[in-house]
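Good morning, colleagues. Please bring up the sequence and the coordinates, and I shall take you through several local features.

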Amino acid sequence: MAVLRGTRKESWLEYLENLPATLMRSIFRHNYPSNDVDRSEIVFKNFFLHFHPVKAHEDSITFFRTMGLGTITTSLFLILTLTGVILMFFYIPAEDRAYTIMLDWQDTTPFAMMFRNMHRWSAHMMVLFVFLHMSRVFYTGSYKGERRFNWVVGCILMVLTLLLSFTGYLLPWDQLAFWAITVGSEIAGYAPGIPGMEHNINRLMMIASTTVGQDALIRFYVLHVAVLPLVAGTLIGLHFWRIRKDGGLAREPDPIRPDPIRVVQRSDTKEVFAPGVKRTYGLMELVRGTSPTVDSGPNNTIFTWPHLLRAELLIFVVTLAFILLLSFIQAPLEETANPAKPPNPSKAPWYFLGLQEMVSYSAFWGGVGIPALIVLGLVVVPYIDRNPKGSGVWYHRSRYMAVFLYTSFMVSQAILVVIGTFFRGPNWGWIFPWLDYARH
Amino acid sequence: MRATVYQVLLLASMALVTALLGVFAYREFFPEYATIQNRYVELEEIRAEANHTTAPHFSKDKKQIVIPDPDRGPEHIDRCVSCHVAMKLEHFSPTRLARDINGEIRLDSAGNPIKEANPDYVWDLVDAKIAEYKAAGKESEVAALEALKTVPGREEGSAKLALQMHPLIGAEERPFQYHPMETFACSTCHSGNGRGLTTERAHGPVYDGEYEVDDEHHKVNQAEVDSSDPKFAKVLNHKPGHDLLFQTTPILTGKLIEARCYDCHKNMAESIQNAGKNLAQTAEVEIKKAERIEKGNQRNINAIAASLWLSEKVKSQGLDATLKYLNSQIAAYSAAGLEAAQPKSQWTEAEIHMLASHAAMLSTVKTDSEATKLLEVQRAALYPAVKAEKFAALLKATDTPWELSASVRALLESSKQLAMPTAPFADKIYENANSMIKVASGLATGSEDLCPTITSGESLYFSQACYACHTIQDLSKGKIGPELTLIGNAYPWWIKQSLMWPQAKLPSSQMPTFNFDHVEVEKIMTFLMAQRQKDQTMGAMQKTRSQSAWLAGGKKPWEEAVSVDLDNALYSFATEGCAACHKLDAFEESKPTMTAAELAWFRKTFPEELKGSELAAAITANADAVRKNLRVSLADTSNKVLADLLGSSPDTIPSFYTAFHFAERKLKSQKEDLSGLVSYVLLAHINEYGLGRDIGPRLHTSGVYRSEAWLMQHFRAPTSTSPKSIMPPMPFDDSKFVSLTKALQHFGASNTKTQREERSLSDFKPEVAYDNYCASCHGKDRMGMGPVAQAKMLYPLPKDLTNSLFLQGLGKEQAIHSITNGVVGTPMPPWGVSELEGVMPVLTQAEIKALVDWLFASVSAADTAADGKWLYNKDNTEEDFSKEGLTLPGMPTAKKESPLGAVMPAFAPVIRQTPYEYGMLKAAYKTKEQVDAGKKLYNQSCAGCHEYASYGNLVHIKDATWMKSMTDEALASIILTGKMPKGMPSFKNSLQNGESDAIKIIAYLRSRLNKEGSEKGSLEGSHV
């Protein structure tokens, strides 16, 4: 017969004996995840991990499902935040100081050049990977059903990424920065302004003056280090949270589909979920040999700890290594900004060169009309794609038209960027980069 | 399985990240400057050990000089001293000041301290130690000491270079005596990036091979490269690549540093000139003041005279009548002013104003006496010291008050009431200013100059005609090239590149390649790099004044009028830019220095176009003959102009002779130094071949075949006589143009005479004549690439005379005509014409014919119809026409008459006929039907290329000037034989009726030309 007894008060000796454990326990509310209970607990009791599910589908860590593109983008965002904050300690957003600080960074400020290079190349890579990630999501049709709005959030994040990159471009205050932003703000100036106002309101709002100068610099700085990262960070959280709520990464239905609510009890662990789950199986036979599904349960699920987390960490570290390798290339620094000496041609950053190329045909349509339509068009993709099939499947056969349209759009934009980058010379005239190209 | 793979990958990538971070950390913890500082400490220890002392304390860290900005802007920071730690230490200098027995510093003749070898030089200590160890056979110690001299990863001896004392400049007795490092900082004088801490980024792209280069196509900058080239040859030759693109201010090496000295130090001449300018400005202020005083005096005198006159008038006629009279006069004046046709009133504007103000004053009073009183009060107020009676005494009846003025002035002057203007002082100040400026021009080449390279550069800026095309504020006003006022802020490599191959950055640039030698490039570049408008020697006000005077068109010395004088003209020719592009044979010695045989030897041994290496080889091979035959060197020349040039602008003559520079250096570097002979050869060269450079045509005989009017026109507006000439309109006074014209005529006549005399000795040899006159453009090999053509600044480029197709198409008659009369619109001059009375043309008709015969004979198949190709001469045409059985409308049908004779009058071998007078279609054939038919044919056969695809030379056909320089015959010949070298095929077979169709097309082209000409007006007769 069970005797009800209160918890015995531990002695001082016991208290001291248990103190390390108590301390650890007060910080980590779970044990070391050596069994499935703790593997679950570590995820849902840890603030930093709790946006993960306890168990994820094994597709989540199958490389060619996602190729880690979203995780790479997130990793880049993290690297950018970290290096950016470090650089903020040394940077002064003043017209006459910004450039001299770049010169100091080159040799004098410890590790500044490493951080600057990492920041620079991560920013370029992030723009690239945002587009790759978007393409993956499109080609695997992962924006269907309840995931529709998450695609919209992604589109907003894409625009934010471009804006972050663009605002950061000005800060070194060299010729490259000055003229890229001048060109960029000119493009913004093609949007219709307020009738009767002397200056175009869009351009004015962007650079806070009629020419790029100190006002533009401080405006871009605040946008770059405070406003945009805050918004982007929040939206990234939302982006993840919705994935989690939508049941993880989109995937094909499993060929054999067990009831997802029911949880399988494995013989080597304790019961995970509350009792009362209806048992749908019984022990039929004991078979000798290794189990065919060691890492995943019958539902093709795996534990987040360690599998998913390890995969994520792997991608982060690989990304970091890649960026560190890139950082051996010095971030460009040209002569100090000189409004009197425009380079010919003045080029915007590469990801805007498609726009600049279009601007060379029509200022309004190339610079404002078409880009706005592109963003709008991308946002409404999940609402006009009524084909329910193909979610989580690469290039589903029923989506040939969607795939074709998206591919031709992206390829045409890529061609424009390539033309703008390599085939445009003085006065935006056509040149062949392998022939003599005299820059002025 | 997958878990394992991921785990392994994770561990591997983490290891990679750690390694990469390690590399970055290594770079951070072992910077270049630390290596050099370690070397320094080791050196101090070696010295301490040798001298048995202790090494001085040294803290290893970044070191910098910070100069705060006066306006609280970013500080000027120089971290150069992080590496160059030994800048002030005397034991790091290979020399030290020599002292006499009393311990006083010994001075040389210029007042600068004499230097002697420094026994305490640390690097010598190291060398001594190395020798010691070597003798002892301690290899590892030797290697360790040798390693001290070099920074790992940099060139040999780099640490030794970095750790040196700053050399003493001029009169300095210790480093930085006059320019304290702490107040000037390093990069103020040396340029460079003071914030940088690595050699590459701090020094910037300076020495070739020491920095990454932008992958652009590079042209060879010098014709020849040799180991004897100066150091400057390997400096600043390339655009830096990506990593150093920010480095816009590389350190200044060698003489280039003068560009910075120049900001604060002017040479004596310029200081005096500036002082003179200041004085002149003061004088101007005084003159203006005097003018103002005089003006005020006159006004007062006029006012008194007017009031006297009015008082009289009031007295005699009464107030009302006076007022009426005044008003009528004022009304008459304004009416006259309104209607310009009416004769002007007798009053001037100033007088009327004065009368009007008096009338207004008088209209305020009622009675005569009041009016008189008022006027008296006014008089008294102006000159209270002069009594009213004295004024009244002056009064007599006069028509106008102004006649009174003179007597009023006399009265005021006698009673010393007039303020006397001070202008006479101004005159004296002016005199002083002018004499100072004169003194300054005398000093211009004085040896006390602080910046001799810049002074040389400036003189080259003029002698190389830079100033004629480029503007530099307060100096030159050329409008053709880009402005150079702030060129000192441009990248040094860009300046050098633009100087040496102007088309490198801008393919359409019209600036010729001058083939400067390194010496000249260095001088000009230093001068250009000093152009930053950062002059500290003039006040802001002075600067503004002098610039506004310049903007207002103040004349510079070279723009002043000159007296017409041969020597003056030649001096201008050499120093003011003509010789930069033209050669003129006018600088002979006063007495012939060579016999005919020696001359022949000289011509054979030293032909005009020798490369530097060939020249050096020729001098080496003929050293004895040179010593024997060439008896005068350039320094001892008896030619007045040359001697003057050597004295007053010594950079001028050598600047035209890059090959001689090269040869001199090469000879100097040889075992037996023969460089002294170069001067002898150069003088003979100038005597024989003329002075100047081959970019534009040679001017030896141009005074003969060009008329005075043509020359003057060409000087004033070069393109008006030579459509595509790159010659800038020189900023000279007309008197200088006249002077130059006279000189050209004089030397043209004398050169022609000399050449004729030589020719009569040896009869006419076409090949010799060709070499004398034609080869400079068409080339000795007749391929069209003579020395003048090689500059590629002639348009069109000279013809290839070895091309049989060209000669076939040209025909002998046209060739004779072209040589005789020149080709309009091209640089081909009229050799058979003489514009000077009593002077034979350069080539007579007979000579030209002989020349043409020789030319055609020497090219195979030039005058034969190769494989059935139609050759356009009279006989062939006749044959063709009869074969085709054609008749042309309006042509006599009689078979025996030559159809060509009817269409084209025979060639008249008369000099100076315009092309219209022969070889042209008769007017009878330019009927409307012919023209219409021609238009149809033209649209069918020609328009495809000539109208719609207007590239290259196809536009010729639309060029009125070119069309007018062609005879109809020549056009027909082109149509029927084609111009294969240019890609135009023969139309003989594709035109149905051969020649008659060609004639129709020509008729159409001519009618079109006339039509356009009359419509636009400019086409017609624009070239004659």
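First, conventions. This is a predicted model, in which local features need pLDDT of at least 70 and side-chain atom pairs count only at pLDDT 80 or more, while totals for chains, interfaces and linings use all residues. Residues are numbered from 1 along each chain as its sequence is written, chains are lettered from A and ligands numbered from 1 in the order in which they are written, and side-chain values use heavy atoms, with hydrogens and water left out.

Let me begin with the salt bridges. Side chains of opposite charge can pair when their charged atoms come close. The criterion here is a side-chain nitrogen of Lys or Arg within 4 Å of a carboxyl oxygen of Asp or Glu. By that rule, the count over all chains is 48 salt bridges.

In chain A, A:Asp59 pairs with A:Arg65, with 3.5 Å between the closest N and O atoms. For burial, the terms are buried (under 20% relative accessible area), exposed (over 50%) and partly exposed (in between), with a 1.4 Å probe and protein chains only. Accessible areas come from the Shrake-Rupley method, and for residues only the protein chains shown count as cover. A:Asp59 has a relative accessible area of 17% and is therefore buried, whereas A:Arg65, at 21%, is partly exposed.

In chain B, B:Glu182 forms a salt bridge with B:Lys88, the closest N and O atoms being 2.8 Å apart. This pair links distant parts of the chain, 94 residues apart: B:Glu182 lies in helix α6 (residues 181-184), and B:Lys88 in the loop between β2 (76-78) and β3 (95-97). Helices (H or I, at least four residues) and strands (E, at least two) are DSSP runs, numbered from the N terminus. B:Glu182 is partly exposed because its relative accessibility is 44%; B:Lys88, at 41%, is partly exposed.

Are B:Lys583 and B:Asp694 buried or exposed? Both are buried, and their side chains meet in a salt bridge at 3.6 Å, N to O. B:Lys583 sits in strand β7 (residues 583-584) and B:Asp694 in the loop between β8 (691-692) and α31 (702-705), 111 residues apart. Salt bridges with shared partners join B:Lys583, B:Glu608, B:Glu609, B:Asp694 and B:Arg698 into one network.

Patches consist of residues with over 30% relative accessible area and no salt bridge; like charges are joined within 9 Å, and nonpolar side chains (Val, Leu, Ile, Met, Phe, Trp, Tyr) within 5 Å. In chain A, a nonpolar patch of about 570 Å² is made by A:Tyr190, A:Phe364, A:Trp365, A:Ile370, A:Leu373 and A:Leu376. A:Tyr190 is located in the loop between α8 (175-188) and α9 (201-207), and its relative accessible area is 33%, so A:Tyr190 is partly exposed.

Finally, the helices. In helix α4 (residues 139-148) of chain B, the buried residues include B:Val142, B:Leu145 and B:Leu148. Viewed down the axis of α4(B), the buried residues fall within an arc of 110°, so they line one face of the helix; the arc is that of the directions from the helix axis to the C-beta atoms. The face turned away from the buried side of α4(B) carries the exposed residues B:Glu139 and B:Ser140.

In chain A, A:Val159 belongs to helix α7 (residues 148-169) and is partly exposed, at 30% relative accessibility. A:Val159 and A:Ala232 are 73 residues apart in sequence and 9.7 Å apart in space, C-alpha to C-alpha.

Definitions and conventions. Areas by Shrake-Rupley, 256 points an atom, 1.4 Å probe, with all protein chains shown as cover.
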